[in-house]
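Trainee: Could you walk me through this one? I'd like to go feature by feature.

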2 protein chains.
Amino acid sequence: MKREHKEEMKARARNIAMIVAYDGTGYHGFQRQTPPIVAVQNVLEEKLQLVFGDRIELAAAGRTDAGVHASGQVVNFFTNGRIPTERIIKAVNSLLPDDIAVQSVWEADHDFSARHSAKSKTYLYRLHSGKTPDPLLSRYCWHIEYPLSTSDMSRAMGYLEGVHDFSAFRASGGAPMSPVREMYDAKLSVEGAVIMLRFHASGFLYHMARNIVGTLVRIGEGLEEPDDIVRVMESHDRSQAAATAPARGLLLEHVEY
Amino acid sequence: MKREHKEEMKARARNIAMIVAYDGTGYHGFQRQTPPIVAVQNVLEEKLQLVFGDRIELAAAGRTDAGVHASGQVVNFFTNGRIPTERIIKAVNSLLPDDIAVQSVWEADHDFSARHSAKSKTYLYRLHSGKTPDPLLSRYCWHIEYPLSTSDMSRAMGYLEGVHDFSAFRASGGAPMSPVREMYDAKLSVEGAVIMLRFHASGFLYHMARNIVGTLVRIGEGLEEPDDIVRVMESHDRSQAAATAPARGLLLEHVEY
């Protein structure tokens, strides 16, 4: 967006913020794409324009990749549309396809930015550990057919907590920015055959969550020791970490402001 | 299948039984359809033929409707194929699409029939109770936006237990058979925003589980009292029960032999 255009948008009367959930399976990520490629943002902006009556350009907390899901994506946009706030959810959801839905809406201060005001984010990664694939889990989990040591994985996750340079887990292609982030919490829990890996950090580098998960699975399979993750992290060398875990297992769960 | 053909099939050396799971969203039910309509059985038989090398005609425990899922469908078929039993799962699953997967395989006695030997079945129905739709649940749940009284629904389910004539919950179009079934167990449980309704019965009439759920939701919304389900059941009149609940919420969980 050009600077003058941005100013024009900000001159609008209302700054609307929303929590949005989506099943990312059918989309080329969140960020707007040139048709015929369809991203979540394309669909959302198209429907918001019908409801608000002016051209909508939204900003989002996280640019989730193709196939990644969200239960708590946060977006905001400026509008002169006059629909009362309490009617927005129903109006927008009635137009959206089944795989995208607005969860809540509020009118924010003019200086609130879903993207720039975010203090931290929580990503959840789900693994399905089992001998055979499960079609009822495969949309939202990475299936691992070998047994995983959850205690080893959990120990390795402990080493991620704190302030670190996460370069070793950053894919090339992301925006150039400091590779230092604070990992507030990295916890493993189990629900039946599903292993949930939850990461709460001040921010995530490009592919960081999925690259960490790839390395944790290598540890869970016994190919490396839990404290090998320290060596990988301190190498600041992407080639030391494992391959990127599949997008389908990842979910942007929550954004904190 | 003609009788002679059936005998020919049964003359084959092995009776293979399998537990199969599927996401029914993309299929016109389990039972074989004439192409281009695709049912789970079409896909499964096509892949089994590649693995076993002879023409496969399978029998299944439950003929799930279009859009209904299964974690524990049971099938069996006769074959002269010589692939060792322990290699079947991997061979078949490597050919199947992501939304169908064999969970286990065994060689059964010649007189075992997945369909006719079944003693009872367990169906699970999932409701998502919440103000806004959730795209991460919508594939496997019926979304109800009004609050539901789980205690009233649970009480109503208690009345279903025992031996009853379930005609009031039978859709027209099913095979003519006795409408008397024994409901061993009908229990409600809650997992976050999801209400799970589990039915274990000697058998289910056409649309019976979904018609019961429709009526239970009417009770949960407070439109009827819990014991109204007795009046509906004793009327033996389909028009007394509520509309059929959507297929997406239903799952064939288990078949007992």
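**Rings, helices and copies**

Mentor: Let's start with a cluster: Trp106(A), Phe112(A) and Tyr257(A) form one aromatic cluster. This is a predicted model, where local features need pLDDT of at least 70, side-chain atom pairs count only at pLDDT 80 or more, and totals for chains, interfaces and linings use all residues. Residues are numbered from 1 along each chain as its sequence is written, chains are lettered from A and ligands numbered from 1 in the order written, and side-chain values use heavy atoms, leaving out hydrogens and water.

Trainee: How many aromatic pairs are there over all chains?

Mentor: Rings of Phe, Tyr and Trp (its six-membered ring) pair if their centres lie within 6.5 Å. Searching the whole structure over all chains, the number of aromatic pairs is twelve.

Trainee: By class, which residues make the contact of H4(B) with H6(B)?

Mentor: Contact means heavy atoms within 4.5 Å. H4(B) brings Ala156(B), Tyr159(B) and Leu160(B), while H6(B) brings Ile229(B), Val230(B) and Met233(B). Ala, Val, Leu, Ile, Met, Phe, Trp, Tyr, Cys and Pro count as nonpolar, Asp, Glu, Lys and Arg as charged, and the others, Gly among them, as polar. So the contact has no polar, no charged and six nonpolar residues.

Trainee: What kind of axis relates the two copies?

Mentor: Copies are superposed by least squares on the C-alpha atoms of residues with pLDDT of at least 70 in both. Chain A can be laid on chain B with an RMSD of 0.0 Å, using a turn of 180° and a shift of 0.0 Å along the axis. The two copies are thus related as by a two-fold rotation axis.

Trainee: Which residue of chain A comes closest to the rotation axis?

Mentor: Go by the C-alpha here. At 5.2 Å from the rotation axis, the closest residue of chain A is Arg139(A).

Terms used
Helices (H or I, at least four residues) and strands (E, at least two) are DSSP runs, numbered from the N terminus. Rings of Phe, Tyr and Trp (its six-membered ring) pair if their centres lie within 6.5 Å; planes under 30 degrees apart count as stacked, over 60 as edge-to-face and the rest as tilted.
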